[in-house]
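Visitor: I am new to this structure and should like to understand the terms applied to it. May we look at it together?

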Amino acid sequence: MFRRRARAGISVVVPAYGVEDYLPACLDSLLAQSVCAAGHDLDVVVVDDGSPDRSGEIADAYAARDGRVRVVHTENRGLGAARNEGLRHTRHGLVAFADSDDVVPPDAYAALLRQLERTGAELAVGSVSWWQAGTHRTPPWMRRVHASRAALSIEQEPRLLGDVFAWNKLFRRDFWDAAGLSWLEGHRYEDQPTTTRAYLAARRIAVVPDVVYHWRIRDEGTSITQQRGTVDDLTDRWLTKRLSRYAVLAHGSASVTKVFEERVLPGDLPRYFALIPGCDDDWWALLVSGVRELWGERSLVRARIAPVHRLTGWLVEQDRREDAAHVVATVAALPPGERVPRTVDRTGRPRIDVPGLDPASVDPAALALRDDEV
């Protein structure tokens, strides 16, 4: 007798800490997923990570009226530990993660699941919109990386390594376990080492162009990613970059390594460079040591970041703090849309020209413009 194949079920892990104002919207968005109407089972595991506010109570209230929600109460151990704990309580063969201050669009898991089943891939990944002050914006790089609707290996699209987020992906649980994946505990930016290892381990990665996640950018400054100017934050950033780089190097693909080191690894450095003016001595010393460790052999002048950031990176490598601060301050003072002046060197090659910085004191490679930047 013909037996209908069981529909795939999805478990979503939602760590919660200090999010009483946001958690209801997150849970409502998960419970309204269209995959539920299509007959797929979905359960939501909320991990109350010792939250000091009413987050745990709110989660309990949802669980009391909807059997798809279960709550695990733990002492506070951080985001990575909460995700790992939530995984231990999941029921289904597909797993996803959502942060409790964000929102998942209603067709998100349907789009990811459809592509996962069509391609037989081990994980599916979709695009993201930044949600701030009531508006949504998807950065151009995010649209480029997720432009296709295909199943790829990381060798075919190594730029995917730049999509480090935990929450715009759907994983097969058997793949997750076989790859030995878990979230880094006790450190910020725990997403990158784990997602990097997942990309490298997967034979096929299902890509969809759909926006499958709305990432709320919180304006009150409590978000982890808005607290970069501390030694603890930068220490964690260097750790996660180091772990990710180790994984890529161990993978052994020269083409993947090149894209990772030139495009992915330095991608968020401009946010840290912006903090150089006014930074304290310990933070500056840590910035210099990290840049030298990760790019000492190749130098940031080869990185695929904006020309002025390559210059700043080179100045950091040389421990030229005043000059780096000058460049950052000069760029910050430019009118919106205006770029750093361009000129040519003595050989006629185009380069940037930062007022007040002696070009003779700088490696020409740190000032040079590529053909697509002129």
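This is a predicted model: local features need pLDDT of at least 70, side-chain atom pairs count only at pLDDT 80 or more; totals for chains, interfaces and linings use all residues.

Visitor: How do you know that the span of helix α9 agrees with its number of residues?

Guide: Helices are DSSP runs of H or I with at least four residues, numbered from the N terminus. The expected span is 1.5 Å times one less than the number of residues. The 21 residues of α9 (231–251) should therefore span 30 Å, and the end C-alpha atoms are 30 Å apart, which agrees.

Visitor: What makes the pair R245 and E261 a salt bridge?

Guide: The term requires a side-chain nitrogen of Lys or Arg within 4 Å of a carboxyl oxygen of Asp or Glu. The closest N and O atoms of R245 and E261 are 2.9 Å apart. R245 lies in α9 and E261 in α10, so the pair ties together parts 16 residues apart in sequence.

Visitor: Why is E262 called buried, and why is K258 called partly exposed?

Guide: Buried means under 20% relative accessible area, exposed over 50%, and partly exposed in between (1.4 Å probe, protein chains only). E262 has 10% relative accessibility and therefore counts as buried; K258, at 46%, counts as partly exposed. Salt bridges that share partners join R245, K258, E261, E262 and R298 into one network.

Technical notes: Residues are numbered from 1 along each chain as its sequence is written. Side-chain values use heavy atoms; hydrogens and water are left out. Helices (H or I, at least four residues) and strands (E, at least two) are DSSP runs, numbered from the N terminus.
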